[in-house]
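Biologist: Let us read this chain together. Please take me through its packing.

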Amino acid sequence: MDKSKRLFLKSKRSFRRRLPPIQSGDRIDYRNMSLISRFISEQGKILSRRVNRLTLKQQRSITIAIKQARILSLLPFLNNEKQFERTESTSRTTGLRTRNK
């Protein structure tokens with residue numbers, strides 16, 4: 001087969017349709033923590049609609065549910081699992097303060 005004819009042939013890849021992350025029976029509610037926690041990043045941020053593969057209506061209701069859960073202290077506003085170590089910064093500042101005469 002010529003290269004010119006090969007360019008116009010369609011690829012034979014089959015695309016598998018992904019299942020939606022929210023099933024029809026799932027209730028989007030601020031009390032449904034197992035559902036809500038899937039749409040939050042490690043830092044505690046709400047993931048985008050493109051990442052979640054949600055419809056616009058579902059993304060809006062997930063966002064509202066996450067915000068309600070945060071206000072009611074069911075979810076943290078920030079995820080502070082990684083504590084920043086300030087040992088290096090304090091050693092630098094203490095080094096400046098001490099002067100040898």
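Modeller: Start with Leu-54. Leaving out residues up to four places away in sequence, Leu-54 touches Pro-21, Ile-22, Phe-39, Arg-49, Gln-59 and Ile-62. Contact means heavy atoms within 4.5 Å. This is a predicted model: local features need pLDDT of at least 70, side-chain atom pairs count only at pLDDT 80 or more, and totals for chains, interfaces and linings use all residues. Residues are numbered from 1 along each chain as its sequence is written, and side-chain values use heavy atoms, with hydrogens and water left out.

Biologist: Is Gln-59 buried or exposed?

Modeller: Buried means under 20% relative accessible area, exposed over 50%, partly exposed in between (1.4 Å probe, protein chains only). Gln-59 counts as buried because its relative accessibility is 9%. Gln-59 lies in helix α4. Beyond its neighbours within four places in sequence, Gln-59 contacts Ile-46, Leu-47, Ser-48, Arg-49, Asn-52 and Leu-54.

Biologist: Which residues make up the largest nonpolar core?

Modeller: A nonpolar core is a set of buried Ala, Val, Leu, Ile, Met, Phe, Trp, Tyr and Cys residues joined through side-chain atoms within 4.5 Å. Here the largest has 11 residues: Ile-22, Leu-35, Ile-36, Phe-39, Ile-40, Leu-54, Ile-62, Ala-65, Ile-66, Ala-69 and Leu-75. Two or more residues come from each of α2 (33–36) and α4 (56–71). α4 gives the most, with 4 residues.

Biologist: How many helices and strands are in the chain?

Modeller: Helices (H or I, at least four residues) and strands (E, at least two) are DSSP runs, numbered from the N terminus. The chain has 5 helices and 0 strands. Of its 101 residues, 19% count as buried.
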